[in-house]
Amino acid sequence: AQIEPLRFEVEKALLYHQRRGAFLDNAHSVVILLIVLTGAASFADVFGGASGFGLLTTLLAGLTLVLQLPAQSYHHKLLQGRLREVARDIEDRGQPDEAVVRRWRTLVPDLEAEAPAPFRAALISLAYLVISPPRNLAN
């Protein structure tokens, strides 16, 4: 069974979920910082007249509520953990039989199916730079 292409796909998916989770954590931190800063500015300006800071604070708070960045990040971390289990299983088995490889081949696409197309395209480019793909990979 050729598992090198599968190993590459698992590593690529791990890289995606690691990077996406980190991005979502950082985006959430930035939005929270902006909420605190604009909220403080709005509070300070409350006695001086109308201000756009109150509206901006409300929009930023609504944005964090709608986007649910921490929940998305957590989801990517869960998927990353499941992919790590597959990667460990690949490494531990050495030369698995065809049934095991078929199970892995169906599991990995299911785990990475949630990646939006633009992120998937960027990820493939990044994966070829970071991970050594097998020479006979047909993608």
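**Close-up views of a predicted model**

**View 1. L34 and a nonpolar patch on the surface.** The structure shown is a predicted model. L34 belongs to a surface patch of nonpolar residues, together with V30, L33 and L37. Their accessible area together is about 350 Å².

**View 2. The largest nonpolar core.** This core has 13 residues. Four of them touch the most other members: V10, V86, I90 and W104. Three helices, α1, α3 and α4 (98–112), each supply at least two residues of the core. Nonpolar side chains tend to be buried together in soluble globular proteins. Look at V10 next. Leaving aside residues up to four places away in sequence, V10 touches L83, V86, A87, I90 and V108.

**View 3. L15 and Q80, 65 residues apart along the chain.** L15 lies in helix α1, which spans residues 4–45. Q80 lies in helix α3, which spans residues 69–93. The C-alpha atoms of L15 and Q80 are 8.4 Å apart. L15 has a relative accessibility of 6%, so L15 counts as buried. Q80 has a relative accessible area of 12%, so Q80 is buried; the cut-off for buried is under 20%. Leaving aside residues up to four places away in sequence, Q80 touches L14, H17 and Q18.

**View 4. A salt-bridge network of E4, R7 and E91.** The side chains of R7 and E4 meet in a salt bridge, with an N to O distance of 2.2 Å. Both residues lie in helix α1. They sit three residues apart, about one turn of the helix. R7 also forms a salt bridge with E91, at 2.8 Å from N to O. This pair links distant parts of the chain: R7 is in helix α1 and E91 is in helix α3, 84 residues apart. R7 counts as partly exposed because its relative accessibility is 21%. E4 is partly exposed too, with a relative accessible area of 39%.

**View 5. A salt bridge between D89 and R103.** The side chains of D89 and R103 meet at 3.5 Å, N to O. The pair links distant parts of the chain, with D89 in helix α3 and R103 in helix α4, 14 residues apart. D89 has a relative accessibility of 21%, so D89 counts as partly exposed. R103 has 41%, so R103 counts as partly exposed. A search of the whole structure finds five salt bridges.

Definitions and conventions: Residues are numbered from 1 along each chain as its sequence is written. This is a predicted model: local features need pLDDT of at least 70, side-chain atom pairs count only at pLDDT 80 or more; totals for chains, interfaces and linings use all residues. Side-chain values use heavy atoms; hydrogens and water are left out. Helices (H or I, at least four residues) and strands (E, at least two) are DSSP runs, numbered from the N terminus. Buried means under 20% relative accessible area, exposed over 50%, partly exposed in between (1.4 Å probe, protein chains only). Contact means heavy atoms within 4.5 Å. Patches are made of residues with over 30% relative accessible area and no salt bridge: like charges are joined within 9 Å, nonpolar side chains (Val, Leu, Ile, Met, Phe, Trp, Tyr) within 5 Å. Accessible areas come from the Shrake-Rupley method with a 1.4 Å probe; for residues, only the protein chains shown count as cover. A salt bridge is a side-chain nitrogen of Lys or Arg within 4 Å of a carboxyl oxygen of Asp or Glu. A nonpolar core is a set of buried Ala, Val, Leu, Ile, Met, Phe, Trp, Tyr and Cys residues joined through side-chain atoms within 4.5 Å.
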